[in-house]
Each structure stands twice: as C-alpha cells, then as structure tokens.
Amino acid sequence: MNLIGENITYKPDDQFHLNDVSFNFKKGNLYTILGRTLSGKTTFLKTIAGLLNPDSGNLSFEDNDFIKIPVWERNVAMVYQQFINYPHLNVYENIIFPLKQRKISEDQIKKDVEEALKTVGLVGFENRKIQELSGGQQQRVALARSLAKKAKILLLDEPLVNLDYKLREQLREEFKRIFTQGLSEDTILIYSTTDPQEVMELNGEVIVLDEGKVLQKGPAKEIFENPRTLKVAEISNDPPMNILKGTKNSEKLSFENILINSPSHFKNLSDQGYNFGIRASEIKLDDQGEEFEIELAEISGSETLLHLKKGESKVIALIEEVMNFKIHEKVKIKFNENKLYAFDQNEELVSSPYGVSHG
Amino acid sequence: MNFKHKYVFLFPGLFVLIGILIFPIIFTIRLSLSGWNSYTPEMNFIGITNYIRLFTDDPRFWESFFRLSFLSVTTVILQYIIGFALALIVWREIKFKRFFRVIFLIPMMTTPVIMTVIWRTFFHESLGPVNDLLGNLGVEPILWLSDPVIAKFTVIIVEVWQWTPFMFLLLLAGLLSLPKEPFLAAAIDGASPFRKFVYVTFPLMAPISIGAIIIRLIEASKIMDTVFVLTSGGPGTATETSSFYIYIKGLREFQMGYAATLSFTYLVIMIISLTIIAKVLTKLMIKK
Amino acid sequence: MEKLYKFLKYTFIILWTVFIVAPFLWAISTSFKDFQSVNSKVTYIPWLDFEPTLEGWRVLVKSPARGGVDIVEPYFNSLFVTCTASLISIVLGTLAAYALSRFTFKAGFVRNNDITFFFISQRIMPPIVLSIPFFIFLSTIGLLDSLIGLVVVYIVLLMPIAVWIMVDFFNRVPKELDETALIDGCNPYQAFYKVVLPNSIPGLIVAGMFCIIFGWIDFFFAFILTFTEVQLLPVKVVALNSSITPWWSLSASALISVAPLIIVAFVVERYLSKGNLSGALK
C-alpha cells in the first residue's frame, strides 16, 4: 500500500537526473528531499507526479504500477517554487479547478474549499484576482488548491525559496502546523528543499540527493548527527560544515600548525590523516585560541558569520550576536573539540560526537 | 513532457501544410522536365532541355535576377536604416509618441497593389503632383515611370514607403524588450548618445536586426505587385524582376514547362542565397 | 549640440510623416475631382483649386448595370478569404506551435527546431513558384476561380506567420502552468483549452492581426487564380486602373479598400505600448 520506487534512473541527455533511486514511502508520513540546486529534486518529484517517465526502474503505489497511470489520473498534488496558479481565474475558481475536474458534488466542493481557505488563512480572498496577490499569498492559493484536492500524494517543490526571508519564516511555521493538523492519515507528503534548517524543523524522513543519487536516507536527527559522508555533511549544514585536513597523533590533532586535544570519541581512531569536520556554530571567539584572519564578516539577523583564514585553511564561524569586524583584522578562535567529526581519506564518516551507527 | 497526445497537436497543421505544398513542388519539378506550352499542353518528357536553355540561352532571366537582387538589397538597406532611426526616436519619450508610432505603422497595413495604383497617379509625368510641384520650383519634368534608370528608383521609393513600417515595428518591438541594466551602466559612465548607440544599443539589437533583415529580404525577394502595377516591368525590361519574368513566360506566353524550370531554379537560388546572407550577417554583426 | 540633435530628430520624423501621408492626401483630394479637374492641370485643394464632386464615391454604390463599380462583392470575397484562411491557419498553427513549444519530437535527425523551421521557411516560397502548379491543379479539380481554392493557397501564406508568432509566445508561458493543469486532472487536450488557451489571448490577437494583414494585402494569388466568378478587392481596384483612368473612382475605391486595416495600426500600437508585442515579435 506504499509508494515504492525501485532503481529509478532518468538520463535524458549525457547527465544523470536520477541515478538508481529507490525508496519506500508510507502513508501519513512526511518526507523531505534535501539537495543543492540541480541535484535532481524537481526531477524526483516530477517522476512521482508522472510528468516525467523514468528510463528504467519501477514505481508503484497501492500495489498498482504507477508508471502506466498518466499524470491526470494519479491523484497527486504539487506546489512549485514559482507561484503557479491559473492567471485567468480568481482565487476561488483556482481552488475548485481540480475538484471540478473530478466531478465532485457542489456541496462537497464548497466545504472543501472553505476548509482549505481557512487552513491557509485566505478566507475573504475568494474573489481576488491572482495578479492582485503578493507572492506569499499566491503560494498560499497554490497550497490551498493542493490541500482541497485531498490528493493521496502531496508534492512540494521548494515552496518557500522564492519568498523573502520574513515571509519564509512565517510560512514555514504555518506549514509545520498544516502538516501536523491539516493532513489526513492517508497522505504521503514529499517536500524538497535546499535549506537544512527547513529539513530539521519539518523533522520528517530525509533523503539526501546529489547529482541524482541518494547519498543517505534517515530521520532528520540521524542525518544531522551522523552525516555518512563528507558530501552529506556539506549539504545538510548551512553554512556548510567546515572541513580541515589534518592528522591524529595519539592524544593530539594537528592542522595548519594548530595542535588541539583529541576528543574522547576519537580514542579508537588509528593515528593517520583525516578530514576533520566542525560546524560553524562550534567555533567560538576565545582569547586563548588560535589566531585567524577575517576575510569577510556577514551579519544576518542576530548572528554574524565570520569567514576566516589561516594558511591554506578556511573556516566559517557563526557568532550568535551582532558584532562589527574589520576585514583583515585578526581574531582568536577556539574549536569545540567535543563536536568534531572525523572522515577518512574516502570521505566517509569514521567518528562522530554522537557515535557512529554503521548501516 | 512526453505524451502520445503531442502528435494530435502537431500533425493537423504539419500535414495540411505538407499536403498543400507537396503536390505543387513535385509537379513543378516534373513540369520543368516537360515541354508543356500552348501548342502541346501535355506532360511529355524532354529531359533537361529546359535547364540547358536556361543556363546557356536566357540572359533575360539572369538580368531579371540581378535586378531583383539590386532592388531588394537596396530597399532592405534603406528600410533598415530609416526604420531603425524612426524606432530609436519614438522608443524614448517624445511629444506625440503614440501618434507618430501609429503613423509610422500605417503603410504596412495598406494593400501594396492598391497603394501602387495611387502612386502611379502620384508620379504621373504630366498630371501627377510630384512633377507639378517640382515644376513650380523650375525643375524639368522627371520621367518617373518611363526612364529605365529613374523607374528603378521609383520602384524603390514605393517599396520603402510600403515596407519600412514592418522593419520599424520589428526593431521597435526589439528595442522595447531590451534589458534596462546596460543602459543604466552607460548612463552612469556618462557615455554620449552616439557612443551609447555604438557600444550598447547596436550590439544588443544585433540578433533582432539580423532577424528583421532576413525576414524583410525574404519578403522583398517577392517584389512583384509593385512592379506589376507601377511599370509592368518596363520601360522595356528595366524593372522586370524574376517573379515577373516567370509570370510572363508561364501565364502570358503559356510556356509552362519552361516557367517551371525557371521557378524551380529560382527557388533553389533563393534558398541558397538567403542561407548564405544569414550566415554572413551573423558573422558581421555579432562578432563585435 | 543637444539642440541641433533635437532639431534634426524632429525634422526627420516630420518629413517622414509628410512622406507617409502624402499619397493618402492626394488620393482623398483626387476622389472628389471630376474629369475636368484631373485632366486640365494638377489641382490640390477642393474649392480653392477645383469644385469638389461626390461622383467618385457615388460610383461605388451604383449598380454595375448603371455604370457603377461593384465593390461590395469583392469586399466580402476578400473578407471571407482572409478571415477563413486566417482562422484555419491560426487554429492549426497554434496547435502545432504548442506541440513544438512543449513536447519533444525526434525522427531521424529531425528535432523540434527543424520542424519549426520547416513551417516558417514556407514564407521563402515565391508566390510565382506556387501559382503555376496551383493554376493547373485547381483547374483540374475545378476550383480555379473559386473562393475555396484561394483559401487553400492562403493557408500556405498565413500558417508560417501563425506558427512563428505562437511558438515564441508559448515559449514564454511557463510550462509549469500546463503541468499544474495535468496534475489537477486535465488530460493534455483539456490542459490546452482550459488553461493554456485562456492565457494566450494576447499572442492569439497578435498572430491574428498579422494573418489578417498578410491575407488582406495579397494580390498575386487572387490575380492569377481567379477571373470573373470571384474577384477580390485588390484585383478589382487594379482592374479599374487599366481602363480609362477615372482617377476619382479609382482613388475612392482605393481609400475604401485600405481603410479597414488602418484600424489595425492602432491596435498594434496599443499592444506595442503595453509591451505585449515585444516578446511576441523577437
């Protein structure tokens, strides 16, 4: 009864858009597809919707071969990152469009639309033209249309990416509420994004996609705590996890003439070269620390992002307050060694502060 | 997207067009190998006799072709220069902008032959206003339609009047769709209007210009209506173009077979030369 | 310098305006003249230079039996041929353009662009090349000198224009719009007429205008493929030209023939100013 994909491959030109992708999605769950731009997220969703046919592999839903069912009979809903609505129809007509297609009774349509409008907070906007709405409102209409349809599979393709920062925060909160309350037990919800924070907040099952390939699957917490490879660690952190090439030498770790104590969770690692990983938030300003030069300081919201450099190594530090720095100024920083990751020469995770779970 | 429904969208138009065209083209090729004329109106087979005649014994066709080339290239260059100038002027704010835009568009909406009928009275050598007004200035009457050299220029004047608007429309639509940023940058640099045109407007307009010139060349190569009414190819053969010559051979002298030979050769030459012109223009204009 | 530039600019557009308007003014003036004021000396301004008469215009509404020029029938013939051929071209051309803009076609080395080029390149075909085989073809099936025969030929003239404008237009309509319609339960036909078509009205109007212009102004095919049964407007007006020059009725009928499409100039300008045409013609 699940949505099951097996070895799905899509290669329209000389590049893989999907490369041997398999999954098993259960009803009532939320799945997030995390990946950078052009990693195949949209292709993934379009394949499930039926807008694209994979070159090979199987896709089944409720034990039916989904590939044989054309898109218009699949009963899926999709919200695009561009705000796609029918420009020639008003808000109300937009939302009933899919319902009319399915010949549902007038009364039922009325009820469903009212409910959907209430869920997205657009009651009173029924007769507005789409062009008169703001981007955020347009995206709510698109979401309302998808919800009213009560589709069994709901696809959201980076629905917040084209909104400005404030609206994004606000709508993301609402999405969380809608996903937990407004959806039936019957629905599979698939949400794609480039933003790791969104993935953590939505807290569903995550699929990390890169160049059309699945790098890791698992609960959001698992991806965050134990990124299986260096690539996943980069994709699932914003700013990307800092990677420093160095070596372990019994009780000490060294990189760029810096020596720090090896943390306790590294004690089983043999002495050799590693890629050490550390999140930007685990680097703190500290007068006792190592001296780095500031290349760039960005203030975003209540935080300051410092791009730092020492020799060949570049790191990004996230300071949780607004501070003014000059470029080329020297600062001293300290790495929180208890939150260090170690990846081996094949870029695979060998030690994490949360303990490695292999498999 | 890829659904089998796509064929239902494409095929009706495609097959109607192919259906209408395939017969005439095959028929023309076959006809060109026959000696069909008013004495023997039948599809006999005479091989490439007609083609030999065309390439060895028909200077009139080649003259008409070079005349056509001269007329169409000259008119299109004039249309491009004038059309571009007009488009640049009414592109920016100017008094009565919309009035001028409408006026500049009007000639292309008028039927060429019908306007040519008017032009014929306009350039009439004794009763037309042009010679009359020039006469008031002391100019001797000009033989607009009966002098072999001047008649060519009369044809050019009428063609420029008729079709500059189309060039103007394509170029103005192009100008209006240009991005604003390069112009802002040029304005900040304090570039003079002339430099702005040479370094910003013209390069940005190059692809649109090429498109417009090719479209106009294609249409201008069909010059026929104007010549037919204005001078009937005369005086003598001074304004006879290829189409007109084919018309005379085929539908006046009823040498259908030979006219088909001319038609087919003409079509092939047109396709080859327009392809070459398109390539050369692209090289010349986009390189900078 | 600035002033000189401005002076040249205005001089240029005013001279050009005079050039454009001149034949119309001349035709209007001539249409009110009689034999005397045309043939004695060149006259320009009514009442001042000559005594205006309505004879040139009256002839147009007189029956041919009483020495009139029947312009009404050619008028409707032209209207019928232009509109029918435009309609067929736009319907077929729009469908094909949609297919070429949205779906991928592969057949041997042929791709979408090649098919689009095939459609548009039909404009290269010189009318004379088509007219000889059509002359023979239509006379074989008995459609020479008929409206239907002309409509068939005009489709070749107009469909390339429709395809050219509509492919460009559809390329600028986001394909996500049709995809959403498909997801919402429309099959490709329904997605086209319920969603794409209602949002393509500006493109359709531009394509329609161009088809009507290029249909209405054609002379050559009408001239070769019709004789007495069916006459189109341009042929009729040109026929007046060859008889003994009654310039007044000639001018009047010419003015009446070109008048309806001048309205199109206003429509085109409106679309140009609104920016709807810019993309459609690039």
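The axis of a helix is here a line fitted to its C-alpha atoms over the stretch in contact, and angles run from 0 to 180 degrees between N-to-C directions. The model described below is predicted. This briefing considers two contacts between chains and one pair of helices within chain C.

**Chain C and chain B**
- In this contact, 78 residues of chain C meet 74 residues of chain B.
- Helix 13 of chain C, residues 247-274, supplies 15 residues to the side of chain C that touches chain B, which is the largest share.
- That side of chain C consists of 60 nonpolar, 13 polar and 5 charged residues.

**Chain A and chain C**
- Here 17 residues come from chain A and 14 residues from chain C.
- On the side of chain A that touches chain C, strand 6 (76-79) and helix 2 (91-101) of chain A are the elements that give two or more residues.
- The residues on that side of chain A are 13 nonpolar, 3 polar and 1 charged.

**Helix 10 and helix 13 of chain C**
- Helix 10 of chain C (residues 201-216) and helix 13 of chain C have axes that come within 11 Å and cross at roughly 150°.
- Because angles over 145 degrees count as roughly antiparallel, helix 10 of chain C is roughly antiparallel to helix 13 of chain C.
- The crossing of these two helices is left-handed.
- Helix 10 of chain C contributes Val206(C), Met209(C), Ile213(C) and Trp216(C) to the contact, while helix 13 of chain C contributes Leu261(C), Val264(C), Val267(C), Val268(C) and Tyr271(C).
- This helix contact has 9 nonpolar residues, with no polar and no charged ones.

Key:
Residues are numbered from 1 along each chain as its sequence is written. Chains are lettered from A and ligands numbered from 1 in the order in which they are written. This is a predicted model: local features need pLDDT of at least 70, side-chain atom pairs count only at pLDDT 80 or more; totals for chains, interfaces and linings use all residues. Two residues are in contact if their C-beta atoms, placed from the backbone, lie within 7 Å. Helices (H or I, at least four residues) and strands (E, at least two) are DSSP runs, numbered from the N terminus. Ala, Val, Leu, Ile, Met, Phe, Trp, Tyr, Cys and Pro count as nonpolar, Asp, Glu, Lys and Arg as charged, and the others, Gly among them, as polar. Angles under 35 degrees count as roughly parallel, over 145 as roughly antiparallel, 65 to 115 as roughly perpendicular and the rest as oblique. A crossing is left-handed if the near helix is turned anticlockwise from the far one by less than a right angle, and right-handed if clockwise.
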